[in-house]
Amino acid sequence: MSLRIVVCVKYVPDATGDRKFADDLTVDREDVDGLLSELDEYAVEQALQIAEEADDAEVTVLTVGPEDARDALRKALSMGADKAVHVDDESIHGSDVMATSLVLAKAIEKTGYDLVIAGMASTDGTMGVLPAILAERLGVPQVTLLSEVKVEDGKVTGRRDGDTASEQLEASLPAVVSVTDQSGEARYPSFKGIMAAKKKPVEELELDDLDIDEDEVGLAGSWTAVDSADERPARTAGTIVKDEGEGGKQLAEYLASQKFI
Ligand SMILES: Cc1cc2nc3c(=O)[nH]c(=O)nc-3n(C[C@H](O)[C@H](O)[C@H](O)COP(=O)(O)OP(=O)(O)OC[C@H]3O[C@@H](n4cnc5c(N)ncnc54)[C@H](O)[C@@H]3O)c2cc1C
């Protein structure tokens, strides 16, 4: 039977662009450029490598995100994933990690899976807890923060590198794993891959398709919400010290005044 791999990929605001909060203090995801979270490219890469090793496997990429999140799915499809699932529903706006994990869990159950692969953290929220919550919701084992991952004989095995030791871990399938940025460079989409991605299926789902009530998601269904947010002050131009014989002294005085020395 085919090995069904679902990869959770997040569409995040481009860190090089202007990022801001919307009026309701949620992250503005509509009016900013976004992309596939860089750390999730590692998850896609590992899924593709596992699929290449298996006799028969199918890689589905899944995102919960606004309309533009399709761009993240297209990127993953052009890397080589077989199909995509996009959960987009206005009521999801404002969902925290608890509500987001509920939507992802229901979409994964609907899609069918043997292995779920996530990134180690998103590059915007960076909580790094979603894979663990997801495993709990699905009622399956979790093996997180792997820098090496393999599937053999109905089991997923992997290596987790810590500060003082490396652990070799295994879990029976179905399971949820997350992979780190040490798991192996993600491939670039080829021209052929980009063209092929245009024809690959993208399933669009709303809350009704997943039997989720509106009040289970969004700000109403979330355990946390942002109370206030202040923009960081703009960077100042800095002070240029012209060395007219006293430059070194002035520099030392500045460093001392800032308690650097
Ligand atoms: C339209 C929209 C509005 C949101 N509004 C809020 C808000 O107001 N307040 C709030 O706290 N949160 C909000 N969220 C959710 C938030 O952005 C995170 O998705 C969620 O809280 C998980 O946190 P994280 O990204 O830090 O997870 P992490 O634990 O850092 O993520 C680990 C991994 O989980 C997977 N993952 C995480 N999020 C997604 C996703 N959306 N789709 C697919 N895979 C995912 C990725 O593989 C990722 O690498 C919103 C999300 C969306 C899509």
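Predicted model: local features only at pLDDT ≥ 70, side-chain atom pairs only at ≥ 80, totals over all residues.
## Helix 1

Residues are numbered from 1 along each chain as its sequence is written, and side-chain values use heavy atoms, with hydrogens and water left out.

Helix 1 is mostly covered, with twelve of its 16 residues buried, where buried means under 20% relative accessible area, exposed means over 50%, and partly exposed lies in between, with a 1.4 Å probe and protein chains only. Among the buried residues of helix 1 are Leu39, Asp40, Tyr42, Val44, Leu48 and Ile50.

## Overall chain

The protein chain has six helices and twelve strands, and its C-alpha atoms fill a box of roughly 75 × 45 × 40 Å along the principal axes. Of the 261 residues in the protein chain, 42% count as buried.

## Ligand surroundings

The ligand is surrounded by 27 residues, of which the closest are Cys8, Lys10, Asp40, Ser95 and Ser122; a residue belongs to these surroundings if one of its heavy atoms lies within 4 Å of the molecule. By class, the shell holds twelve nonpolar, eleven polar and four charged residues, with Ala, Val, Leu, Ile, Met, Phe, Trp, Tyr, Cys and Pro counted as nonpolar, Asp, Glu, Lys and Arg as charged, and the others, Gly among them, as polar. Strand 4 (57-64), helix 3 (97-111), strand 6 (115-119) and helix 4 (130-138) each supply at least two residues of this shell.

Asp40, which is one of the buried residues of helix 1, places a polar side-chain atom 2.5 Å from an oxygen atom of the ligand. The protein covers 92% of the 890 Å² of accessible area that the ligand has on its own, with areas taken from the Shrake-Rupley method with a 1.4 Å probe.

Strand 8 (residues 148-152) and strand 9 (residues 155-161) pair in the antiparallel sense over five bridges, pairing being assigned if DSSP finds at least two bridges between two strands. Along this pair, Val149 stands opposite Gly158, and Glu152 has Lys155 as its bridge partner. The hairpin of strand 8 and strand 9 has two residues between the strands, and in this hairpin Asp153 takes a positive phi near 50°. Strand 9 also pairs with strand 10 (residues 166-172) in the antiparallel sense, over seven bridges; these two strands form a hairpin with four residues between them, and Arg160 has Glu167 in strand 10 as its bridge partner.

Ser147 lies in the loop between strand 7 (142-146) and strand 8, and it counts as buried because its relative accessible area is 7%. The side chain of Ser147 makes a polar contact with the side chain of Asp161 at 2.7 Å, a polar contact being a pair of N or O atoms within 3.5 Å, where within protein one atom must be able to donate a hydrogen and the other to accept it, and residues adjacent in sequence count only if both atoms are side-chain atoms.

In helix 2 (residues 70-79), which contains Arg74, the buried residues are Ala72, Leu73, Ala76, Leu77, Ser78 and Met79. Arg74 itself counts as partly exposed because its relative accessibility is 27%. Helix 2 is followed by Gly80, whose phi is positive, near 140°. Arg74 and Ala256 are 182 residues apart in sequence and 52 Å apart in space, C-alpha to C-alpha.

Val226 lies in the loop between strand 12 (202-205) and helix 6 (247-257), and Val226 counts as partly exposed because its relative accessibility is 42%. The C-alpha atoms of Val226 and Lys192 are separated by 43 Å, while the two residues are 34 residues apart along the chain.
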